[in-house]
Amino acid sequence: MDGINRKERAGRIERSGVNRRQFGTLLAAGALVAGSGWPLPASAAPPVLRVRIGSDIGNLDPARIFQIENQTVATQIFNGLVKYDEATNAIVPDLATGWEISGDGTVYSFALRGGVTWHKGFGPFTSDDVKFSFERVLDPQTGSSYSGQLASIKSIETPSPDRVVITLKEPNSGFLHKVSAFNQGWIVSRKALGEIGDKAFALNPIGTGPFVFQNWAPGREVKLSANKDYFAGAPKVEEVQFRVIKDETAAAIALENGEVDIFFGLQQPEVIQRLKGGGLVTVLDRDANHTINLVLNTSIKPLGDVRVRQAIYHAINRKALIDGFFKGTKTEASGFLTSSFQEFTDQVPLFPYDPAKAKALLKEAGVGSFSLDLVAPGANPYDKIVVPIASDLAAVGIDAKIKVLERGAYLQARNKGTVPTCVTGVVGAPDPDSPILSLFAKSSFPPGLNTAHYEGIEDMIAAARQAQGDAARKEVYGKIQAKVMGDVPVIPLYADHLFIAHTKKVSGFVQNSLFTMSAYPVSLLEA
Amino acid sequence: MDRLLRQLSQLAITVFGIVTVTFFLVRMIPGDPAQYMLGDYATEEALATLRAQLGLDQPVYVQYGLYVLRAVTGDFGSSVVTGRPALEEILFSLPDSAILAFAGLAVAVVIGIPLGILTAERQGSWSDMLIMIVALFGISFPVFWLGLASVLLFSQELKWFPALGASSGGGVLTHLHHLVLPAGVLGISVAAYITRLTRSAMLEVLGQDCIRVARAMGVPERRVVWRLALKNALVPILAIVGVTFAWSLGSAILIEVVFSRPGIGSMILKAVSARDYQLVQAGVLVLAVAVVLVNSLLDLAYGLVDPRLSTR
C-alpha cells in the first residue's frame, strides 16, 4: 500500500468522525461512572458480622475437624463440657456447671447444665450426648484423628440426664484439657447424627453454641445465624458471615474499606505493618500456643550426636530471623512451649547465637564439613525462613541444601520419617501434652510427628500423668522442658504470635490463643 | 445433521481424552488425600480406614476402570473433602465462572475488535503504533499483576469499586458493581490479544484483490472497511474469539484468586492442593466441555457468516 492511499483513507475516517465519536462515548461513559461516585454499598440494617477467613471450610465434624478455618467456624456452633477462658486460658465451665475428681484422680463426675437445647429442634441436650460424642471419637470406625486424646477413658456412665461420670484407666492430671471445647472436646447430638448421617453432618452441623449453621457457599462464604435460645443469652449480632478471601493484601483493603469487619488469620508481616500504620483499624496480637521448630532427625548421622544438634542450634541467628524476616511479628522462644501454657518455664538450657562455639562443638564431635537437607513445606513463611537458616549453617561449615516440597509431598516425606530435618509446629489447645506427646513420645514416631525419633522422656511422660495438683504438674513439666531442650531434638525457631485486625465498629472482641475466634461477645457499633 | 453428529463425536472423544489424562495426572502428584483430610495427628489406622472408604487402596488401573464405568452413567464421584457429589459442587460454582468469563470476553470483544480494525485501517500511523504498544503491554503484564494494580488504584485509592470480586447477597446492581473490576481486568488483558489478531486478519483481507477492486470502483472507504473487509475477516476473528475463550477461562482462575471470587478456577486450585481427585476431574471436565462447546457453536456460526463453509 502506498503512502498517498493511506493518508487519503485516514482523512476520510477523520471526516467521518465515527471513531472519534466512539471514543468520545466511551470516555463520557467512563467519566459518568467515575463522577457519580458509585459508592460502596453500606452494610444492611440487621447487624451482620463479616469475618475474613483465608481458606474455605471442608469439615465441621468435631471427630474429624482439622484446620483453623474449620475450627473457627465450629467454635461458634459447638460447646464442650468445659472451655478455655478466652483471656486467661484457665479451664472454666461450659456445658458442665461443675465437676468432681475422685481422690485417686481416675473418676471425673460432671454436673450438666439444664435447659440446653440443640439447634434446629433436635431436642434437649443430655448426658447421653456426652457419652455418644466421646465414644464416637474412640470408635475405630469413626476414624477420628483425636481418638488418642481420649484414649485414657475406660468407661462413661450416665446416672441421670444431667450427670455424666467418666472413669479413666489411670490418673491423668491433664484430662480436663481433653474435654475442653476444641476438636474432640466439642459435644455433638446423638439424635442429629442419627438423622443427618455421619457424612452429611460434616457440613450440616448441629450444636448447642451461640450460632446456628445456616449454609455454606463453596469458595464464597459460610453463614451462621444467632441462636436466640443460647443458654448464656442471645448473641448481639444477628448473623455471622465467614467470607473466604485468600490474599492477605486484598483482605486488608477489604477491611479498611469496611467490606469485612474482622480479619482472621492475619500473618504476613508486611500486611500487619501496613494495617498498624494505617490507623484505620485495630490490630490485636497475642502469644500463640505454638512454636515453629526445626526438627532434627536423631536417627540420621551425624545428627545422632547431641553436640552436632547443639552446634546447629548455636549456628542459627534466630534474632535476625525474627527482626529481619518477620519484622518483629514473632518472639524468640526459649523452648518448645510458649508462655501461654500454664506449665511454661524458661529455666531450660539455652544455645544463643554463637558461630564460633558451633564450630568448636562440631570439631569436638569429630564432624568435619557435612551436608544437610533442610526440608520445608512450600508455604509461606516456611519456604522462606529456611534460606537465612541455610546461610547461617554454611557459615559454620555445614552445607545446607534447601528442599522445599509441596504440602502433600512434604507430609508424605515427613511421614516416612527419613527426612533429616523438617519444620513443624503443633497448633492447638494450651495443653502441654499435645506438643509433648506429638513431638517427643515414642508413640508418635513417624508417621506421627516425632520425626526426630526422640525417646528421651518416656518415663517423665508417665510421671506427668500421675502428677496431681498445679504445683506438681508444673514441676514435672518443667523437668520435661529442661531435658528436651538440652537434648535438642528440635530447635524452636520462634514463638508464634497471633494477629487479628478489626474495624472500629467491632466492640467487645476478645482474642484467644487457640488460633480461633469467638463471635459471641462481639457487638457492632453504629458507623 | 452429519455436521452435528461429527461435532458430538468429537466432543465425546475430547472429553474421554481429557478425563483420562487428568485422572492419571492428578494421581502422579505426590501426597495422600486421606492425610490431607485427617490432618497432622491422624493415626495410621484412621488413614488406612479412610483410604479404604475412598477406594484409594485399590491399584490405580482398577480405580480408573471404576471411574470410567461410573462416569458413563453420569456419576463422577464425590469430593473427598466434603463428601458431596463432585459434579454438583463444580456446577454450583459454574455460574460464577461463566459470568466472569463471558463478561470478560464481552469487554475484550467490545474493545479488541474495533481497535484491531482501526489499527489495520491506519497501519503504520502513530495511532496504530501507540495501540500496538499498549496491546503489547497488555499481553506482557500478567493478569494477576493487572488485577492487584487495579485493586490498589480503584478500590484502595479511589474507592470506586469493592476489593472483593463477589458480593454476598444484594441486588443485580451490587453484583455488577463487584463484577466491574474483575471483568474489566480480564477483558483488557484478553482484548490485547484480540486487537493484535484482529489487526492481522483485517490486514490480510485488506490486501486482497476484491478490496482493491472495490476501492478502484470508488466504493466509499468506510463501506470497504466495515462492510466488505470486516465481513471477510469475520471467520478468522470468530476463530480468535473461540481461542481466547479458553484463554479467558484460564485467566479467570488467576482473577478469581486475586479478587477472592468463587468459581471453578479457585475450586480446582483448592482441590489440587487437597488431592481431591474427583473434584479436580469434574472441574477439568466441565471446563473442557465448556471450551469445546463454545468452539463448536462458533464452528456452526462460521456457516452463517460464510455460506461456503456450511456446505463443506
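From the N terminus on, chain B runs α-α-α-α-α-α-α-α-α-α-α-α-α. This is a predicted model, in which local features need pLDDT of at least 70 and side-chain atom pairs count only at pLDDT 80 or more, while totals for chains, interfaces and linings use all residues. Residues are numbered from 1 along each chain as its sequence is written, and side-chain values use heavy atoms, leaving out hydrogens and water.

**View 1. Chain B as a whole has 13 helices and zero strands.** Helices here are DSSP runs of H or I with at least four residues, strands are runs of E with at least two, and both are numbered from the N terminus. The C-alpha trace of chain B spans about 85 × 55 × 35 Å along its principal axes.

**View 2. Helix 8 of chain B (residues 172-206) bends by about 40 degrees at B:Leu179.** The bend is the angle between axes fitted to the seven residues ending there and the seven starting there. Within four residues a proline follows, B:Pro182. Helix 8 of chain B has 35 residues, yet its end C-alpha atoms are only 43 Å apart, short of the 51 Å that a straight helix would reach at 1.5 Å a residue. That expected span is 1.5 Å times one less than the number of residues.

**View 3. Helix 11 (residues 264-273) of chain B packs against helix 12 (residues 277-305) of chain B.** Their axes are 9 Å apart, at an angle of about 150 degrees (axes are lines fitted to C-alpha atoms over the stretch in contact, and angles run from 0 to 180 degrees between N-to-C directions). That makes the two helices roughly antiparallel, a term for angles over 145 degrees.

**View 4. Helix 16 (residues 458-466) and helix 17 (residues 470-487) of chain A form another pair to look at.** Their axes come within 9 Å and cross at roughly 160 degrees, so helix 16 of chain A is roughly antiparallel to helix 17 of chain A. A:Met460, A:Ile461, A:Ala463 and A:Ala464 in helix 16 meet residues of helix 17 including A:Tyr477 and A:Ile480.

**View 5. A cis peptide bond joins A:Asn380 and A:Pro381.** Omega is about 0 degrees here. A:Pro381 is found in the loop between strand 13 (370-377) and helix 13 (382-395) of chain A.

Methods:
Chains are lettered from A and ligands numbered from 1 in the order in which they are written. Angles under 35 degrees count as roughly parallel, over 145 as roughly antiparallel, 65 to 115 as roughly perpendicular and the rest as oblique. Contact means heavy atoms within 4.5 Å.
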